[in-house]
Number of protein chains: 2
Amino acid sequence: MTRKEEAYVIGAGMTVFGRHEDRSLESLGVEAVRSALADAGMDYSEIEIAFCGHVLQGTTAGQRVLQGVGLSGIPIINVENACASGSTAFFQAVMAVETGMVDVALALGFERMARGPIPTDPRDSRTAERPKSAPPMMPAMFAEVFKAHSRKYGTRVEQMAMVSVKNHENAALNPKAQYGHRVNREEVITARMVAEPLTLLMCCPTSSGAAAAIVANRSRTQGRAKAPVAVIAAALESERGAGAGDPLYGITEINTRAANKAYEQAGIRPDALNVVELHDCFAIAEIVHYENLGLCERGEGGKFIEAGLSARTGKVAVSTSGGLLAKGHPLGATGVAQVVEVVEQLRGESGPRQVPNAKYGLIHCQGFGGAVGVHILTI
Amino acid sequence: MTRKEEAYVIGAGMTVFGRHEDRSLESLGVEAVRSALADAGMDYSEIEIAFCGHVLQGTTAGQRVLQGVGLSGIPIINVENACASGSTAFFQAVMAVETGMVDVALALGFERMARGPIPTDPRDSRTAERPKSAPPMMPAMFAEVFKAHSRKYGTRVEQMAMVSVKNHENAALNPKAQYGHRVNREEVITARMVAEPLTLLMCCPTSSGAAAAIVANRSRTQGRAKAPVAVIAAALESERGAGAGDPLYGITEINTRAANKAYEQAGIRPDALNVVELHDCFAIAEIVHYENLGLCERGEGGKFIEAGLSARTGKVAVSTSGGLLAKGHPLGATGVAQVVEVVEQLRGESGPRQVPNAKYGLIHCQGFGGAVGVHILTI
């Protein structure tokens, strides 16, 4: 496509991620939207279209949430792409602005989840008919990813534990994170086994929460209190090919393709990045995504974490928010919350977890079922 | 927005609507897409983005369906707006083309439903906690609409029956319709009572099926076997205001607003229309929508059907497909199937139910929860 307008994030906000057993979806969603509007210094009446990412919240959930902010009559579109639902909502908001369809668009993501593994869907032939005694499906799938990566590249359980330690360390500095406690390597490795060799602390929790980002064209960035953050790449990809039984195919090909497309759009190379929020739904996923995103060579992901290169003080700070592993993963909210983290890092608003002089940030989100979104922001 | 490109429907296709208890969602969806591709004379590889409307089919349903057509890696976005989900998918495909984001977009709608009333959602505070003995929610709501309309304008049960008779008559000529039998006024009135005074034959059935439309810019209409059908209006609205307890507010204000916006975009008046597919989920809805769409004056909807003005041979042919009442209503498929009907009417392909010399067609879809889509097509 030809990019008619440049798109900027001019407001971002989110709720604390956590259990929120006492709060409604609507109150979480409204809090996130109000927070983003306040951040942008604007009224809801400026929003011309809203894209609402969620997975499990039922019909017209976006309308239910947004009526608590205002009944302005604008198009409200609920979008779903599994764990990339929020990323898809952000992609659509960026497209709506870049194409000149609207001047100001809202990307909203939210989810209210019960404890325990994500329920599999009886309508989905890919997941139906698993025996009840089997480990939860997603951890089992990522256990296979680890085993294949380990066989091929020598990746070790200890390296997965290092990812979890780092992300909990970051989360401990993020007041919006679900978990505020640091963990050590031993605790991660000896935690309850979920799907051999993945322990509970190598798996993201289920969570509730909401996040919102307001995207505007250049003219509508004028007169705002805070600096606009430019969106210089927006890629959304689905699956290509089937991978012929390779357990690494689904976690490499689509992600690498989306990342390469984003770098091409942005005109930068991976080594320009200062901060990255990636889809660390399991510790092994973060390791493989280092490779997919070109932060290191293929097969070097385990060594990358071990050398401290993805720490806040490393070559590129990854999952400064705490990531899905420790900030939490309310499905539809995640992709938009990643935007919130990167926007705050680029503006220098991240307090004790701030990465100094962050100029380029990348956001990566993968939805099981075939959707990967990659966006690159800069200030 | 400024409209950079003109959008055209260059291919449309759908499955038969019906129970389809022996068929998977995937096979229905694939059939619809292949039918639309064949209609356009193109390969799936030409599609650059896909919007998939559905309500109840679970996570990444669009990806599950489209992998049966091809794994081309394009962005696939699942969109949900209750009964306007298909209309929303079509709106997005039109926007993607009109803004210049892509040259060719796919709008796909599908649903596989069980018999009986649509299940209400326990997460939705608007519908939770209804006693089990109460009539199904949607019929009960439209019974209130009838009562209010009747009190205010004298609309009669017999007029609702006439809508059902007309739409079944049209469906009997549509090989894609769920119901192929004609009904008479007496049969409609004496059918099983669902929510006083709405009988079963005044309520749309639950259905399974799929429909697809391919939208392209002008340059990509070149060299196709069939004439392109231009999209000259695309409006998607959500609710504005609350209506202060007026049972007619929710079925009038948002629909009238969306229709007026569409007429303004198209630069035509309602009397230019030859064919209309509107959201006749219940017989009373069709009557009120005559008024909302400006086909007659406010309050004159009952007289409009009684005078035969919405028959195929009337002033404007409404629900020539059989409408939701008799063609069936597989939620997400409906809005796209309405496009299929109007495209075929405008091309003169509707066989025994063809409206002669149809030049302008309007499509209207309302999703409970706050979404109305109105599109106007011309040839």
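1. Let's start with a side-chain pair: T334(B) makes a polar contact with H329(B), side chain to side chain, at 2.5 Å. (Polar contact here is a pair of N or O atoms within 3.5 Å; within protein, one must be able to donate a hydrogen and the other to accept it, and residues adjacent in sequence count only if both atoms are side-chain atoms.) T334(B) sits in helix 11 of chain B, residues 331-347; helices (H or I, at least four residues) and strands (E, at least two) are DSSP runs, numbered from the N terminus.

2. A word on the ground rules. This is a predicted model, where local features need pLDDT of at least 70 and side-chain atom pairs count only at pLDDT 80 or more, while totals for chains, interfaces and linings use all residues. Residues are numbered from 1 along each chain as its sequence is written, chains are lettered from A and ligands numbered from 1 in the order in which they are written, and side-chain values use heavy atoms, with hydrogens and water left out.

3. Is T334(B) buried or exposed? T334(B) counts as buried because its relative accessible area is 1%, and the cut-offs are under 20% for buried, over 50% for exposed and partly exposed in between (1.4 Å probe, protein chains only). Setting aside residues up to four places away in sequence, T334(B) touches H279(B), L324(B), G328(B), H329(B) and C365(B), contact being heavy atoms within 4.5 Å.

4. Now the interface. Chain A and chain B each put 49 residues into the contact. Together they bury about 3,800 Å², 48% of it on carbon and sulfur atoms; that is the accessible area (1.4 Å probe) that two parts lose on being put together, summed over both. The rule finds 22 residue pairs in polar contact across it, both at pLDDT 80 or more. On the chain B side, helix 2 (61-66), strand 3 (76-80), helix 3 (85-98) and strand 8 (229-237) each supply at least two residues, and strand 3 gives the most, with five.

5. Strand 3 deserves a look from both sides. Strand 3 of chain A (residues 76-80) pairs with strand 3 of chain B in the antiparallel sense over three bridges; pairing needs at least two DSSP bridges. One bridge joins E80(A) to N78(B).

6. I77(A) lies in strand 3 of chain A and is buried, at 0% relative accessible area. Beyond its neighbours within four places in sequence, I77(A) has contacts including F51(A), V79(B), F91(B) and L236(B).
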